[in-house]
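Dear colleague,

Please find below the structure that I am handing over to you.

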Amino acid sequence: MVDKNKPQIEKRGGWLSRFAPGVRKIVSRRDTPDNLWVKDPDTGEMLYRSDLENSLWVTPTGRHMRIDAPTRLRYTFDGGTFESIDTPDVPEDPLKFSDGKPYKDRLAAARKAAGRKDTMAIGFGSIDGTQAVAIVQDFSFMGGSLGMAAGEAFIAAAREAVRRGVPLVCFTAAGGARMQEGALSLMQMARTTLAIQELKAAQLPFVVVLTDPTTGGVTASYAMLGDVHLAEPGALIGFAGPRVIESTIREKLPPGFQRAEYLQEKGMVDRVVTRADLPRVLGLLLSMLMGGTRAAA
């Protein structure tokens, strides 16, 4: 207890007390950004984000991590510069679908996170010196699912390539059709196939780069209709997933089944190419294919 009748000695902190608040602010613990470190999915090791970015998001063990569409376009075009091409608008939620949460709400959340309308992004520029249109499917946007917006974007990219007289390069990444759009999403398999026929009629190359994962209706349509099929190392490529196949046939699948290297061995993929080498290999392929086309014309 403090005796109120007893004279109190005044507490003085001296000149240092005047600077203490500012000093505390300077040396106080700063919060570490949430995205400063990234966990290696294979080893569990924490990797410095800037190191991963410098290595094109390829881990020390060689795992090609998934990247978003803008990053893919920057890595593909010379100097990271390209002309962005708008994707067409489509009717939203035509079936008024809800799976406990309205489709419109899911779409709005995905758009806010990605900063664009849907899974596809289109760019035009030079790839190792050869002009081309590139369309990228982004798995981070609702699993890269194929819906009306993706189908319309693919058709727009193909027609832009025809208009400019340049090849089309497609980077695929999808978990399948977008269930919230029902049969309307399945129709895009046929519509994108017809768009490829327009490229062929114009004698323009269509090159596909299969990235992790490429499955479902995308694999059953434009992902396997290219003049040349490249794939990134370790990419999962198939229609149904390996667990579904194993439970159906009740047999253990061979090691590496549905991975890019396995499919190259079986003839479904022409070549497995590392991310760092993709622009050079694409440029060489496109240059040769366009040279042959011009000579034939």
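Two residues are said to be in contact when heavy atoms of theirs lie within 4.5 Å. By that rule, and not counting residues up to four places away in sequence, V133 touches I122, G123, F124, A157, E160, A161, R164, V166, P167, L168 and V169. Please bear in mind that the model is predicted.

V133 also belongs to the largest nonpolar core, which has 37 residues. Together with I135, F154, L168, F206, Y222 and I237, V133 touches the most other members of this core. Two or more residues come from each of β4 (120-127), β5 (130-137), α5 (148-164), β6 (168-174), α6 (182-201), β7 (206-214) and α9 (260-265). The greatest share, 7 residues, is given by α5. There is also a second, separate core of 20 residues, and L73, A132, V169 and L278 are among them.

Is T59 buried or exposed? Its relative accessibility is 4%, and residues under 20% are classed as buried, so T59 is buried. The side chain of T59 makes a polar contact with the side chain of T61, at 2.9 Å. Leaving aside neighbours within four places in sequence, T59 is in contact with D40, L47, L52 and M65.

On the surface, W37, M46 and Y48 form a nonpolar patch, and together they have about 310 Å² of accessible area. Of these, W37 lies in strand β1 (residues 37-39) and counts as partly exposed because its relative accessibility is 43%.

Yours sincerely

Terms used:
Residues are numbered from 1 along each chain as its sequence is written. This is a predicted model: local features need pLDDT of at least 70, side-chain atom pairs count only at pLDDT 80 or more; totals for chains, interfaces and linings use all residues. Side-chain values use heavy atoms; hydrogens and water are left out. Buried means under 20% relative accessible area, exposed over 50%, partly exposed in between (1.4 Å probe, protein chains only). A polar contact is a pair of N or O atoms within 3.5 Å; within protein, one must be able to donate a hydrogen and the other to accept it, and residues adjacent in sequence count only if both atoms are side-chain atoms. Patches are made of residues with over 30% relative accessible area and no salt bridge: like charges are joined within 9 Å, nonpolar side chains (Val, Leu, Ile, Met, Phe, Trp, Tyr) within 5 Å. Accessible areas come from the Shrake-Rupley method with a 1.4 Å probe; for residues, only the protein chains shown count as cover. A salt bridge is a side-chain nitrogen of Lys or Arg within 4 Å of a carboxyl oxygen of Asp or Glu. Helices (H or I, at least four residues) and strands (E, at least two) are DSSP runs, numbered from the N terminus. A nonpolar core is a set of buried Ala, Val, Leu, Ile, Met, Phe, Trp, Tyr and Cys residues joined through side-chain atoms within 4.5 Å.
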